Amino acid sequence: MQIGLVVKEAKEILEVPNDSFTNVGLLSYSKTNYFSGIINLEDSLITQIDPDVLVESLEGIRELKNYVNEQITHQN
């Protein structure tokens, strides 16, 4: 199932070098496992989000996927 995310506002698009990424190993992120890393720039820190993990953590997503799969099965 394909899912899209709508972003209300994007201030800028950045190209970030690979050495700027840090894995999240902080205990405070244990309940928000969709945070996949931190991007460490000279003047700021940016939290990196894994969209697949974020979508899987949404309430009701399993039911929605089951419904879509059932509809696809009935169409075939």
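**S20 and the overall form of the chain**

In this predicted model, S20 makes contact with I38, I39, N40 and L41, leaving aside residues up to four places away in sequence.

Visitor: Where is S20 found relative to strand 1?

Guide: S20 is in the segment before strand 1, which covers 21-23.

Visitor: Why is S20 counted as buried?

Guide: The relative accessibility of S20 is 10%. Buried means under 20%, so S20 counts as buried.

Visitor: How much of the protein chain counts as buried?

Guide: Of its 76 residues, 12% count as buried.

Visitor: What makes up the fold, read along the sequence?

Guide: The protein chain follows the pattern β-β-β-α-α, with three strands and two helices.

Visitor: How do you know whether the protein chain is spread out or compact?

Guide: The globule rule gives 11 Å for 76 residues, and the radius of gyration of the protein chain is 17 Å, well over that value, so the chain is more spread out than a compact globule. Along its principal axes, the C-alpha trace spans about 55 × 30 × 20 Å.

Visitor: What share of contacts with a separation of 6 or more comes from residues 24 or more positions apart?

Guide: In the protein chain, such residues account for 24% of those contacts.

Visitor: What does the surface consist of, and how are the charges placed?

Guide: The protein chain exposes about 7,000 Å², with carbon and sulfur atoms supplying 50% of it.

Definitions and conventions: Residues numbered from 1 in each chain as written. Predicted model: local features only at pLDDT ≥ 70, side-chain atom pairs only at ≥ 80, totals over all residues. Heavy atoms only, no water. Helix = DSSP H or I, 4+ residues; strand = E, 2+ residues; numbered from the N terminus. Buried < 20%, exposed > 50% of the residue type's maximum accessible area, 1.4 Å probe, protein only. Contact = heavy atoms within 4.5 Å. Rg over C-alpha atoms; globule rule 2.2 N^0.38 Å. Areas by Shrake-Rupley, 256 points an atom, 1.4 Å probe, with all protein chains shown as cover.
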